[in-house]
Amino acid sequence: MSRKTKILALWALAFLGACTKPNQNREFETSKGYNVDMTDEQMLDFVQKQTFQYFWDGAEPNSGLARERYHADNIYPQNDASTVTSGGSGFGLMTLLVGIERGYISREEGVARFEKILNFLETADRFHGAWPHWWYGETGKVKPFSKNDDGGDLVETSFMAQGLLCAREYFKEGSDEEQKLAARMDKLWREIEFNWYTNEGESLFWHWSPDKGWAMNFQVHGYNECLIMYVLAAASPTYSIDKSVYDAGWAEHGRIMDVHEAFNGMTLQARHQSNPQNGGPLFWAHYSFLGLNPTGLKDEYVDYGTECVNQAKINHDWCTKNPHAYKGYSSSSWGLTSSYSMKGYAGHAPSMERDLGVIAPTAAVSSIVYTPEESLAAMRNWLANKPALWGKYGFYDAFSESADWMLPRYLAIDQGPMVPMIENYRSGMLWKLFMQAPEVQKGLKKLGFTSPYIE
């Protein structure tokens, strides 16, 4: 079961009530700023800058972190105005770094925002060093994700740690103020008790609650979005796991390997849990690889760069061939991943059962490092021909032409991968920052990885 599979079972609870809009204090380009004569670089900057706003103007004001969602139609889950997400905020930290580097905000503004964020993270609820999935932004107290999920979430924490390590590397040789920020980020990272989350077993567990204990009983194993958690657990300088936990948990003693021919003659090497034949939702090729560079990254089981490229191409080709004959699918309008859907939230993927006719722009946009031509074509098509899909924070979460459905809504976990992955395509910035971290290098070596970027 993946992260998004568990969300699917809970999301029906999340569509009542209303909340206030995020603060707006800066003017940015609107969709009217796009024109068809833009170069690829100009278009990518346009998309990055607008999407960046979600994590800047749209941030929860007390914490400086990402709101779980923003609904321009003002229809929200009950009491959701201040819900802050840890995983989506980890992606947001990386987005803020891009904003500084691209000049969307000044370095001084960025430092001030990171100061606010660290003040929150240092005092917010943690559980053996791990943050929860959600907090109340005004207080830093855990907001339960479900009845038994009211404590530490090690997967979301790992997404946050990925962002913190990139930011630490970015600031560590800066001004005195920046070096102090980097030291505080390092301390937070070192306090995550990865080995405790094995529950004295052979794999990492997703959750622990101070009053429910291990009631969620969610062992993380097999191919999904969680590779980053195992890499960081091995890399931890304070609470590291043994390689045996990686082999038994992530790799399932080799059962992760499942080389087979998938759609359109492409090959997959790993058993994707939720959709073994053609690969899971496309976010599986994104979340762990915003900082972890998959290019040439191999362990004894999988060539991750090849796997990610092939998963993205299968997804594109499935939408192009369009077995369901859905309206609106084409080689320049594609992308199946977990997103909003007609009945709440669903894990869309390339299969007859899981393709519901819903395209999520984040799928194609965040895959630009794997499918540059196909991703650029999709962005140009949507910007030129679907103006209703574009809003104050960039592309809305999802749409279905067959169902004549689209809502002006955003999710942090879908907005989050776009700016970092576009930047990795343009400059490799986040990949460089994360891969240069000494602990990451040691952790990858410990697990038996090879890569052109491991020294």
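I looked up the second largest cavity first, and about 40 Å³ of space lies in it; a cavity here is a set of points on a 1 Å grid over the protein atoms alone where a 1.4 Å probe fits but cannot get out, and its volume is the space filled by probe spheres set on the points. The model is predicted, so I note that local features need pLDDT of at least 70 and side-chain atom pairs count only at pLDDT 80 or more, while totals for chains, interfaces and linings use all residues. Residues are numbered from 1 along each chain as its sequence is written, and side-chain values use heavy atoms, with hydrogens and water left out.

Among the residues that line the second largest cavity (an atom within 4 Å of a point) I found Leu 282, His 286, Thr 337 and Asp 414. Helices α10 (361-365) and α12 (412-415) each supply at least two residues of this lining; helices are DSSP runs (H or I, at least four residues), numbered from the N terminus.

I then turned to the largest cavity, which has a volume of about 50 Å³. Its lining includes Phe 55, Ser 89 and Ile 117, and helix α3 (residues 86-102) gives the most to it, with four residues.

Last, I looked up helix α5 (residues 154-171), which packs with helix α4 (residues 107-123) at an angle of about 135°, their axes 13 Å apart; axes are lines fitted to C-alpha atoms over the stretch in contact, and angles run from 0 to 180 degrees between N-to-C directions.

Terms used: On a 1 Å grid over the protein atoms alone, a cavity is a set of points where a 1.4 Å probe fits but cannot get out, and a pocket is an open set with protein on both sides within 12 Å along at least five of seven lines; lining residues have an atom within 4 Å of a point.
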